[in-house]
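This report describes selected strand and helix arrangements in one protein model. The sequence and structure are shown below.

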Amino acid sequence: MKAPHDIPSNGAAMISSLRIMIVEDDAIIALCLSELLTQIGGSVCAVSCTYDEAVADAARHHPDLILVDAGLTTGSGIEAIQEITRTGFVRHIYVTGDAARVREQVPNAIIVQKPFSLACLKTAIASAYQA
């Protein structure tokens, strides 16, 4: 697995070299995230919508950062991250409508509450690289 990038804590420059994976079962939200990340210079390497796809895509694409919905229709985003990070650390951000549930299960998680703004997303990405 690739070593994490040393990322400066400023806007678009921060994510311009990142390979970002999205794990989201709502196609509209996945598309929105993908478009926002692309607008600010990110490179989306995979979009997964189930636990199994997330684990397989992470092994195949070796993302630098994963944006993951905690509650997937098939499987759990929290469990997917636990499985993915068993073989090596990957920075991740939970993008969820149920922040309290994520905080209960993963106390130190970086969370973006749905609905979200671009500013919140940028702040979360900066936090993931300062942690």
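The sections below take up a strand, its two partners and a pair of helices.

## Basis of the report

The structure is a predicted model.

Strand β1 spans residues 19-23 and is mostly covered, with four of its five residues buried.

Strand β1 pairs with two other strands. With strand β2 (residues 43-48), β1 runs parallel and is joined by five bridges. Within this pairing, Val 23 has Ser 48 of β2 as its bridge partner. Strand β3 (residues 65-68) also runs parallel to β1, and four bridges join them. Here Met 21 has Ile 66 of β3 as its bridge partner.

## The β-α-β unit

Helix α2, comprising residues 27-39, belongs to a β-α-β unit together with β1 and β2. This unit is right-handed.

## Packing of helices α2 and α6

Two packed helices are described by the angle between their axes and the distance between the axes. For α2 and helix α6 (residues 118-130), the axes come within 11 Å and cross at roughly 70°. Because angles of 65 to 115 degrees count as roughly perpendicular, α2 is roughly perpendicular to α6.

Which residues of α2 and α6 meet? On the α2 side they are Leu 33, Leu 36 and Leu 37, and on the α6 side Leu 118, Leu 121 and Ile 125. The residues of this contact comprise six nonpolar, no polar and no charged.

Note on methods. Residues numbered from 1 in each chain as written. Predicted model: local features only at pLDDT ≥ 70, side-chain atom pairs only at ≥ 80, totals over all residues. Heavy atoms only, no water. Buried < 20%, exposed > 50% of the residue type's maximum accessible area, 1.4 Å probe, protein only. Pairing = 2+ DSSP bridges. Right-handed = clockwise from strand over helix to strand, strands pointing away. Axes fitted to C-alpha atoms, helices over the stretch in contact; angles between N-to-C directions. Parallel < 35°, antiparallel > 145°, perpendicular 65-115°, else oblique. Contact = heavy atoms within 4.5 Å. Nonpolar A, V, L, I, M, F, W, Y, C, P; charged D, E, K, R; others polar.
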